[in-house]
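I have kept to how the parts of the chain meet one another.

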Amino acid sequence: MRIDKLFFLILFITLSSCSKEIELDLPEPDKKYVIEGYIENDHYPVIAVTRNSSYFAPIDSTYVMNLFVLDAKVYISNGENEVECFLSTNNLINGAWPYLYYTTNQMVGELDKIYSIKVIIGSDTITGSDTMPSQVFLDSLWCEPIKDNDTLKDLWISYIDPPEKNFYRFFTKRQSRDNYFVPSALFVLDDIYFNNQFFKVNLIRGIENIYSDSTYQDPELGKYKVGDTVIVKTANMTRQHYNFWRTAEQEIYIGSSPFINPVRIRHTVKGGLGVFGCYASTYDTIVIN
Amino acid sequence: MHLKFLFIFSLLLISAWLTAQNYTISGYVKDANSGEQIIGAYVYITDPLKGTTTNHYGFYSLTLPKGSYTFEVSAVGFEKWTQQIILDKNYEINIELKEKTYLIDQVVVTAERSDANVYDAQMGVVKMPVERIKTIPVLFGEVDVIKAIELTPGVLTVGEGSSTYYVRGGGPDQNLILLDEAPVYNANHLMGFFSTFNSDAIQNLELYKSGIPANYGGRISSVLDISMKEGNMRKYQLEGGIGLISSRIAVQGPIKKDTASFIISARRTYADIVMKPFMKTPLGYYFYDINAKANYIISPKDRIFISGYFGRDVFDVKVADDNFSTNIDWGNATLTARWNHLFSQKLFSNTTFIYSDYNFNFGAIQELYNVQLNTSIRDFQLKSDFAYFLKDGWNMKFGVEGIHHTFKPYTASFTMENSPFNLGNPTKLYAWEAAGYFHTEGDINKWIRISAGVRLGYYQQIGPFTRYLFDPITLTNTDSIVYGKFKKIVDYYQLEPRLLVRFKVDSTSSIKLSATRNTQFIHMVSPVNVTLPTDLWIPSTDSVKPQIGYQLSLGYFRNFLDNSLELSIEGYYKWLFNQIDYKEESLYENYILTNLDNNFTYGKGRAYGIELFLQKKYGTFTGWIGYSYGKTEREFPKINDGKPFPAKYDRTHDISIVLTYRISNAFSLSGVWVFATGNTATVPVSRYFIEGNIVTEYSDRNAFRLPSYHRADLSLTWYPQHKKKSRKIEESWNLSIYNVYNRKNPYVIYFDINGDMTQNNMTITAKQLSLFPILPSITWNFKF
C-alpha cells in the first residue's frame, strides 16, 4: 500500500463517525419573561412580551405562539405622560416578527426624550428606560457591480460620523418584497472605528432568520437585485441599547461555538430578560441599477 | 540589601564547612559510547550512604572526610560503575558509563537501583529520560515528550491529543517551559496535536510540580526543564524516522574528537505535499522545526555550548473561486549560548545568554476585505549560575539574572476596499526583570534532609508607554499619561522562599514536606477556552499585578522490592492570587484605542488534590500507575456574577497506567490506559426569541460536566536483530494503535439545530464531537 493511500485511509477513519447524539440531562429552567421593545422617532412603540422555554423543546407554530404573553399590562412613558398599550395582531397577517406586540397610538417617539416602560404580568414587574439620541443622516448610497454577475449588486452607504458618541444599526427593506425592515447582519456598530470621520461601508443585506433553509438557498444572499427599490434605515442608539444588540447578535450568530465562553447578553430591562431602547432613525431610498 | 545579606550568609556557611579535614572527588559523568554528559546520574558512597547527582552539564562534586570508600555511579539505562577509593587527597575523576546492553535473561543487579525517590528532599518532580518516553504508544507515530508527562499524576490536558498541559490546577501560562534554559512561549504545533519538541534532539526532561528550586523563577505552577542532546563526541551518527505524516532526521558527531561536537535535527510534516495532487484547494498546512547544538571543551575548566531552536507552523490557503486567501504562521525561535567554568573542584559556574522569540501572524483577504493581525513576545536574558559543593553532599546554588521583554500583545488592521477601520496604533510594551537566588540542600542529620532557598525578583515596566485613564462606565478614555523611552512606569519586588524537608522513616520510606511562594511577572490572557497561537502574552503593569502562588505539599515516599518499585503519595493545597482574565462583558471594541488591561478582571484561585504514583523503572516489565484527585476553582468579580466557578481544567479523577513489557531482545510491547473525569462546560439552560432568532441562556460558568474520558493505546516495537555484525544500522519499527477500543471521547459538545424556523418546525439536539477514533500508525526509526 502506498503511503498516500494509507494516509487517505487514516484520514477517512478520522473524519467518519466523529459525531454522535448525546442526552444531556438539563434541569427545567427558571421561568423568565423576555421583553423586545423599542420606540422610534415619529413611530409608535413596539413592545413584545414572551417567555423563555426549555432549551430542547421542539419548535412548531403552536409552541412559538404560546411563548407570547397576551395578558400583560404594558405602560410607556415619555417623562410627561404615561399611556397603557394594547395588544396588536397586525403582524400576524404578514407573518412579521414579533407576531404579537403591545403598542399605543397615543405616543410617537421624539428626539432627545427619555422613554420608560413598565410591564406587569401577574406578580412580576419588568421595567426599562432609554433616551432617544440624535439622528444621523447618510451622505450617499450607491450600487457597485459584482464580478461576473449582471443581476445582483452590492449596496454601499457613506456618511460623516458626528463628533459625539454614536452607535448604529442598519436595516433594509426591499419594497413589496420584505414585510419589515431586516437588520443588516453583523452591522451593530460602535463609531470607535471611525469617530468624526468619513465612513463608507458595504451594507450586506440582512437575513430574516438564520435558522431558515430559504435563507441559505437564496441566490441573492447578502446582495441586492437589479430593479428592486430598497429603503435603508439608519438607526442611532445609546450605548446601553447598542450593548444589548451587539451581545445578542454575537450570541445569535456565534454563541454556540464550544470553544469560546458564551457571550453574556447585556439586558437593558430590570426584572426580566431583553431590551427596551430608542432608535433615532433616518430613511433613504435607492433603486438598484 | 537582601542580596548582600545572602552573600554574607553564604560565606559564613562555606567557612564553617571548610574547617574539617576533607577531600573532594569531582568530575564529569559521560556516556562511554558518545562522550556526551549524563544528567542526573547518581554519584554516591555506599557506607555511609551519601551522594549527589550530576548537574545539567554532567558535573559532580563530593566532599568527604579522609577515609576509604566504595564509590559508585549509576544512571538509568547505564551499567553501574564501582571503585574503591582511599580518599587522602583530592581527586578529579571523569567517569564513563557503559550503556546497558539489553539481554532478556540477564539477572538484574539490584544494587544499581537508586533510592533517590525516598532519599532526596525534592518532591513533586518527574524526571524522564527520552529513551523511556520512546517506548510509550504515540499518536500519528510521533514521539512526544509533553504527551508523556501528561501521563503522570497532577499533569493533565483538556483537549484530546493536546500539548497544552495544566499542573495541579494552574493555568497554561503558569508553566515555565525551558529548552536549554530558553523559555518557550508556545509549545504547540498544529493546534496542540504535536508539541514543539522533537524527541530526537532531546536528552532529558525534568518537571517540577511543587517545591520548585530557587534557581527557577518566573512562573507559579511548574517548571519543565528540557535539555537538548549535545552531539556525539566520538563518532558520526545519522538517525531519524519516517512516519505517516511527518519525518525527522538528525545528524551528530564530533567536530574534534572528545573536544567538540554538534547535533542538528529537523522534522517536517508533509500532509500538504502528499495531498496536493488530490485536492482542488490544497491543504496548505505544514510545520517544521530545527534544533541545533554545538559544544566545545576549551580546557578542562572551560566549555562552551551554543544551541538553538527554530520552528514554524504555516497555514496557507487560496480559494480562487471565492477570491479568498489566508496566511497564518506562528512559531518560536530560541538561542542559548553557555559558558561552563570550573573555578575549583567545588565551584562550578555557568553563564548563559538567551534569546527567545514567539510570534503569530494572521492575514486574510477576500475581495474588498483585508484583515491583518499579529502578536509577539521577545526576550533577551543574561544569567550566571554557580554551584558550590560542600562537605557530606551539601551543596549550594546561587546566581543572578536579568531579562528584557518586548511584548507586542496585539496589532490588528482591517480595511474594506482600502478604507481603513481605526483599530488603534500598533503598541509595543517593554519590561525588564532581575533576580538573585540562593539555594542549599543537604542532610541535617541521619533523618532530616532539607532543600531550602530564597529568590528575590525585581520587575520594572518601562516606556515608551501611554497609560489611558479609563472610565469603566462610559468605556472611554478620560485622560492619558505618556511615558518616554526607558522611563519607569511601575516596579515590583517579590521575595520567594522555597523550603523542602525530608524526614526519613526508615531505609525504604520517608515523609516530605514543601512550602513555596512563587511569583510571575508576565501573563497570558485568552478570550477562548482552548489554547491558540493567538494567545497574548502581556506584562505586569500598574493595573496588572504580578501573579502570586503559594503551595503547601506533603508526601509519603516508599520504595519496595529493593528499590525496584517506587511509591509516592502527595497531597497539595495551592492558593493563587492576582489571576487575570477578560471581563465577561468586554467587547472587542472596548480593547482598542485604550490599554488592553482596562478590559481585564483580577481574581483568585485555589486548587487542592492528592496524587498517587507507583513506578517500576527496572526489569523486563516497567511502567507506572498514576492517580490524582483534584479540585480547582477561580473567582473573578467580573465573571460568573462574582461567584466562584470550577476552572476549565478542574478534573476530579485522573488515572494513567503505562506499562512496557520487553518480550525479547527483538520485541517490546507497551500499553497505556487513561481515564479522566469529563471536562467542565458551560451549557444552555433555556432559550428565548429575539427578532425571531433563537437566543440561548447559559448555565453558570463551567457548571456542567462532559462524559468521562478514557482510552487505551498499544504499541509494538520491533528491533530487527541483524545477523551480520558488520551491518551498522540500528533500526526499529513502531506500530502504535491509538484508542484501541475506539472509544468516542467527547472533544466538545455542540447543539445541532435542524429544521426551518420560518416554517415553525425546528428541533435541537445535543451532539458530541470526538476527534480520534482507533488510529493506527507506523514509524520506522533508524540510526547508523
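Which side chains meet in a salt bridge, and at what N to O distance?

1. The side chains are those of Glu40(A) and Lys233(A), which meet in a salt bridge at 2.9 Å, N to O. Please keep in mind while reading that this is a predicted model.

2. The domain assignment of chain A gives domain 1 as 33-131, while domain 2 is made up of 140-265 + 281-287. The contact draws nine residues from domain 1 of chain A and eight residues from domain 2 of chain A. Taken over C-alpha atoms, the centres of domain 1 of chain A and domain 2 of chain A are separated by 23 Å.

3. Between them, domain 1 of chain A and domain 2 of chain A bury about 760 Å², and carbon and sulfur atoms carry 38% of that area. On the side of domain 1 of chain A, the residues that lose the most area to domain 2 of chain A are Glu40(A), Asn94(A) and Asp130(A), which together make up 45% of what that side buries.

4. As for polar interactions, the count between domain 1 of chain A and domain 2 of chain A is one salt bridge, and eight residue pairs are found in polar contact across this interface, both residues of each pair being at pLDDT 80 or more.

5. Strand 10 (residues 124-131) of chain A gives the most to the side of domain 1 of chain A that touches domain 2 of chain A, contributing three residues. The residues of that side of domain 1 of chain A divide into five polar, two charged and two nonpolar.

Note on methods: Residues numbered from 1 in each chain as written. Chains lettered and ligands numbered in written order. Predicted model: local features only at pLDDT ≥ 70, side-chain atom pairs only at ≥ 80, totals over all residues. Heavy atoms only, no water. Domains from an automatic or database assignment. Contact = heavy atoms within 4.5 Å. Buried area = accessible area lost by both parts, 1.4 Å probe. Salt bridge = Lys/Arg side-chain N within 4 Å of Asp/Glu carboxyl O. Polar contact = N/O pair within 3.5 Å; in protein donor to acceptor, adjacent residues only side chain to side chain. Helix = DSSP H or I, 4+ residues; strand = E, 2+ residues; numbered from the N terminus. Nonpolar A, V, L, I, M, F, W, Y, C, P; charged D, E, K, R; others polar.
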